[in-house]
Amino acid sequence: KIPRGGASSVSAAGGARRLPVGVRKPSLRVVVTGGAGFVGSHLVDKLLARGDSVIVVDNFFTGRKDNVAHHLGNPRFELIRHDVVEPILLEVDQIYHLACPASPVHYKFNPIKTIKTNVMGTLNMLGLAKRVGARFLLTSTSEVYGDPLEHPQKESYWGNVNPIGVRSCYDEGKRTAETLTMDYHRGAGVEVRIARIFNTYGPRMCLDDGRVVSNFVAQALRKQPMTVYGDGKQTRSFQYVSDLVDALVTLMESNHIGPFNLGNPGEFTMLELAQVVKETIDPGASVEFKPNTADDPHMRKPDISKAKSLLNWEPKISLKQGLPRMVSDFQKRIMEEK
Ligand code: NAD
Ligand code: UDP
Ligand code: UDP
């Protein structure tokens with residue numbers, strides 16, 4: 001039986017043990033599930049840069065090897081093709097559990113697989129955390145608030161979620177993942193952290209992702225009309241990916257379980273977002289209205305006072321500052337397509 005905390009002298013369960021003078025602190029062994037995806041790959045960059053050893057576990061459903069290709073050959077980096085719905089044995093100190101498609105187009109593609117990933121995948125990663133005494137962080141979502149009746153949303157709000165709708169595989173899947181996380185904490189003593197992530201954008205998002213920022217940016221660059229669903233008056237709050245990654249690492253290292261809302265409180269209607277994309281990319285860009293999808297939340301904006309006061313974190317990058325950074329990455333990849 002592997003002792004809690006694994007073989008490292010840095011125990012995730014007990015914090016860093018004191019090392020003799022002159023002995024370097026060994027690097028943490030960290031698993032990032034979904035590490036070949038959009039958010040995961042940026043997180044991997046940060047963990048490797050600070051000296052950790054990182055194992056990415058990914059089935060490449062929506063992730064791409066390209067996102068982490070720059071680390072292949074680094075002795076502190078390992079990439080495992082594995083589906084988290086199946087058990088896995090690893091010896092690690094921390095688990096960042098991101099594996100799950102995040103775009104509505106992707107998670108609705110195979111809803112049974114999505115809920116299996118959220119429930120069985122999270123169960124397996126919690127079982128792993130329990131066996132080796134690793135600290136576990138769940139990337140949950142603002143979708144646990146459903147179509148919210150409270151605005152902005154605080155962590156204390158229990159949400160307004162349709163349990164039998166087309167988005168439920170994701171919303172209810174993540175709600176169950178949160179429940180499992182708290183039950184492994186209360187019932188098995190696993191050290192856990194829960195992040196509720198609000199809409200995040202940045203370089204490396206899939207071009208054909210279906211999410212609104214990636215759609216508008218790719219459409220404007222390809223000189224196609226930006227597709228606004230419904231009347232375009234629904235709102236979202238958009239966070240740049242580096243702000244999120246800073247928050248995830250801060251939360252993992254903190255003494256707080258959460259849940260924490262991690263998002264940028266700047267709120268935009270889809271028509272306002274289209275206007276910002278137009279100003280950033282092409283003043284001649286046009287919009288085209290399309291029917292909206294079922295159960296689309298009307299508004300979403302995080303109350304981040306809990307993260308501000310307990311984690312001393314708040315986002316630094318506004319939409320107007322973040323968009324151009326994403327545009328240059330998209331421009332390059334769209335050129336390569338041709
Ligand atoms: P993404 O789709 O780019 O990344 C998800 C990664 O998980 C991909 O690499 C995919 O191949 C992998 N994956 C999916 N199912 C898997 C499985 N069964 N086994 C192994 N790997 C699997 O999405 P993202 O935007 O990077 O999101 C990462 C996490 O953050 C997700 O858990 C998502 O729910 C959460 N989140 C993201 C946002 C956002 O706006 N980006 C908002 C809320 C929550
Ligand atoms: N698990 C895993 N890796 C491990 C330990 C557990 O994938 O290192 C899986 C295990 O196969 C099980 C799940 O995690 O499906 C929950 O494990 P736990 O020990 O909590 O429950 P049990 O195996 O007793 O049902
Ligand atoms: N949306 C849109 N045009 C698109 C894609 C999405 O108007 O091409 C809208 C969608 O109806 C929703 C919002 O943008 O109201 C955010 O959708 P997204 O899929 O990015 O994420 P969600 O917040 O719904 O998970």
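This is a guided walk through the structure above, from its sheet to its helices and then to its ligands.

The model is a predicted one: local features need pLDDT of at least 70, side-chain atom pairs count only at pLDDT 80 or more, and totals for chains, interfaces and linings use all residues. Residues are numbered from 1 along each chain as its sequence is written, while chains are lettered from A and ligands numbered from 1 in the order in which they are written.

Let us start with the sheet. Strands of a sheet pair through backbone hydrogen bonds, either parallel or antiparallel. Here you can find an open sheet of 7 strands with parallel pairing, in the order β5-β4-β3-β6-β7-β8-β13. The names come from DSSP runs numbered from the N terminus: helices are H or I runs of at least four residues, and strands are E runs of at least two. Two strands count as paired if DSSP finds at least two bridges between them. Which strands stand at the edges? They are β5 (77-81) and β13 (260-262); each has a single partner strand, so one side of each is left without a neighbour in the sheet. On average, neighbouring strands of this sheet are turned by 20° against each other, direction ignored. (Axes are lines fitted to C-alpha atoms, for helices over the stretch in contact, and angles run from 0 to 180 degrees between N-to-C directions.)

For a closer look at one pair, take β3 (residues 29-33) and β4 (residues 53-58), which run parallel and are joined by 5 bridges. Threonine 33, for example, has valine 57 in β4 as its bridge partner.

Helix α4 (residues 168-188) touches β7 (135-141) and β8 (192-197), and its direction makes about 155° with that of β7. Residues are in contact here if their C-beta atoms, placed from the backbone, lie within 7 Å. Helix α6 (residues 241-253) lies across β6 (94-97), β7, β8 and β13, and runs at about 160° to β8.

Now for helices that pack on each other. Two packed helices are described by the angle between their axes and the distance between the axes. Helix α3 (residues 111-132) packs with α4 at an angle of about 15°, and their axes are 9 Å apart. α3 and α4 are therefore roughly parallel to each other. The cut-offs are simple: angles under 35 degrees count as roughly parallel, over 145 as roughly antiparallel, 65 to 115 as roughly perpendicular and the rest as oblique. The crossing of α3 and α4 is right-handed, a word used when the near helix is turned clockwise from the far one by less than a right angle, with anticlockwise giving left-handed. Residues in this contact include Leu123 and Leu126 of α3, and Leu180 and Tyr184 of α4. By class, the contact of α3 with α4 has 11 nonpolar, 6 polar and 2 charged residues. (Ala, Val, Leu, Ile, Met, Phe, Trp, Tyr, Cys and Pro count as nonpolar, Asp, Glu, Lys and Arg as charged, and the others, Gly among them, as polar.)

Val276, Val277, Thr280 and Ile281 of α7 meet Leu319, Lys320, Leu323, Pro324 and Val327 of α9. The axes of α5 and α7 also come within 10 Å, crossing at roughly 40°, so α5 and α7 are oblique to each other. Among the residues that make this contact are Phe216 of α5 and Leu273 of α7. The contact of α5 with α7 has 10 nonpolar, no polar and 1 charged residues.

Finally, what surrounds the ligands? A residue is near a molecule if its C-beta atom, placed from the backbone, lies within 6 Å of it. Ligand 1 has 29 residues around it, of which Gly34, Gly37, Val39, Thr62 and Gly63 come nearest. Helix α1 (38-49) gives the most to this shell, with 3 residues. By class, the shell around ligand 1 has 13 nonpolar, 14 polar and 2 charged residues. Ligand 2 is surrounded by Pro87, Ile88, Leu89, Leu123, Asn124, Gly127, Leu128, Lys130 and Arg131. Around ligand 3 there are 14 residues, the closest being Arg211, Val212, Asn215, Thr227 and Tyr229. The largest share of the shell around ligand 3, 3 residues, comes from β10.

Note on methods
Contact = placed C-beta atoms within 7 Å.
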